[in-house]
Amino acid sequence: MAISRSTAYRVKIAEIVNGEFIKQEGFNPSYIIIRSNNVSRINIIATVVGKYIAEDENYAAITIDDGSETIRIKGFGPDVIKLKGAKVSELVRVVGKIKKYNEEMYLIGEVITKLDDPNWLIV
């Protein structure tokens with residue numbers, strides 16, 4: 001039996017931050033509703049504007065900005081390695097899951113890729 005992944009929608013960060021978060025239980029992914037779609041995974045191109053790595057390296061976060069809003073991408077434990085290579089002012093493509101904790105919307109990055117060509121912003 002093949003496991004299917006949710007679609008990673010291209011959305012603006014403002015749509016995530018301002019969206020209504022619907023928490024699901026069990027294996028059903030939590031989501032926000034954007035343009036009649038239940039969005040639990042996103043695909044964003046944005047600029048890294050901030051970075052934090054805890055001293056014990058068990059937590060890291062980068063803040064990204066796509067021109068509409070900013071959002072943090074968090075990594076815990078072994079996922080910190082995905083965020084360590086990001087540098088402030090770099091253009092990145094992020095595929096990740098939407099989460100919410102203490103009224104803050106954030107992302108858990110599944111794939112974070114540096115983009116060398118600034119023309120990707122047009123896409």
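Which residue forms a salt bridge with Lys100? Select Glu103: Glu103 and Lys100 form this pair, with their closest N and O atoms 3.6 Å apart. A salt bridge is defined here as a side-chain nitrogen of Lys or Arg within 4 Å of a carboxyl oxygen of Asp or Glu. Side chains of opposite charge can pair when their charged atoms come close.

The model on the screen is predicted, so local features need pLDDT of at least 70 and side-chain atom pairs count only at pLDDT 80 or more, while totals for chains, interfaces and linings use all residues. Residues are numbered from 1 along each chain as its sequence is written, and side-chain values use heavy atoms, with hydrogens and water left out.

**First stop: charged pairs**

Remain at Glu103, which is exposed at a relative accessible area of 69%, whereas Lys100 is partly exposed at 35%. In these terms, buried means under 20% relative accessible area, exposed means over 50%, and partly exposed lies in between (1.4 Å probe, protein chains only).

Next, select Asp79 and Lys82. Their salt bridge has its closest N and O atoms 3.5 Å apart. Asp79 is partly exposed at 29%, and Lys82 is partly exposed at 34%.

Then select Arg41, Lys97 and Glu110, which are linked in a network of salt bridges. By the rule above, the count comes to 10 salt bridges.

**Second stop: Glu104 and its surroundings**

Select Glu104, which is found in strand β9. Strands (E, at least two residues) and helices (H or I, at least four) are DSSP runs, numbered from the N terminus. The side chain of Glu104 meets that of Lys74 in a salt bridge (3.2 Å, N to O). Lys74 lies in strand β7 (residues 70-76) and Glu104 in strand β9 (residues 104-115), so the pair ties together parts that are 30 residues apart in sequence.

Now display the contacts of Glu104 (heavy atoms within 4.5 Å). Leaving aside residues up to four places away in sequence, Glu104 touches Arg72, Lys74 and Lys99. Arg72 is 32 residues from Glu104 in sequence, and their C-alpha atoms are 9.1 Å apart in space.

**Third stop: the nonpolar core**

A nonpolar core is a set of buried Ala, Val, Leu, Ile, Met, Phe, Trp, Tyr and Cys residues joined through side-chain atoms within 4.5 Å. Select Ile16, Ile32, Ile42, Ile44, Ile64, Ile98 and Leu107: of the 24 residues in the largest nonpolar core, these touch the most other members. Strand β5 gives the largest share of this core, 4 residues.

Centre the view on Ile64. Not counting residues up to four places away in sequence, the contacts of Ile64 include Ile13, Ile44, Val92 and Val94.

**Last stop: the largest pocket**

Select Phe27, Pro29, Ser30, Lys97 and Lys99. Where do these residues lie? Of the 17 residues that line the largest pocket, they are the closest to its centre. A pocket is an open set of points on a 1 Å grid over the protein atoms alone where a 1.4 Å probe fits, with protein on both sides within 12 Å along at least five of seven lines; lining residues have an atom within 4 Å of a point.

Finally, select strand β8 (residues 91-101), which gives the most to this lining, with 4 residues.
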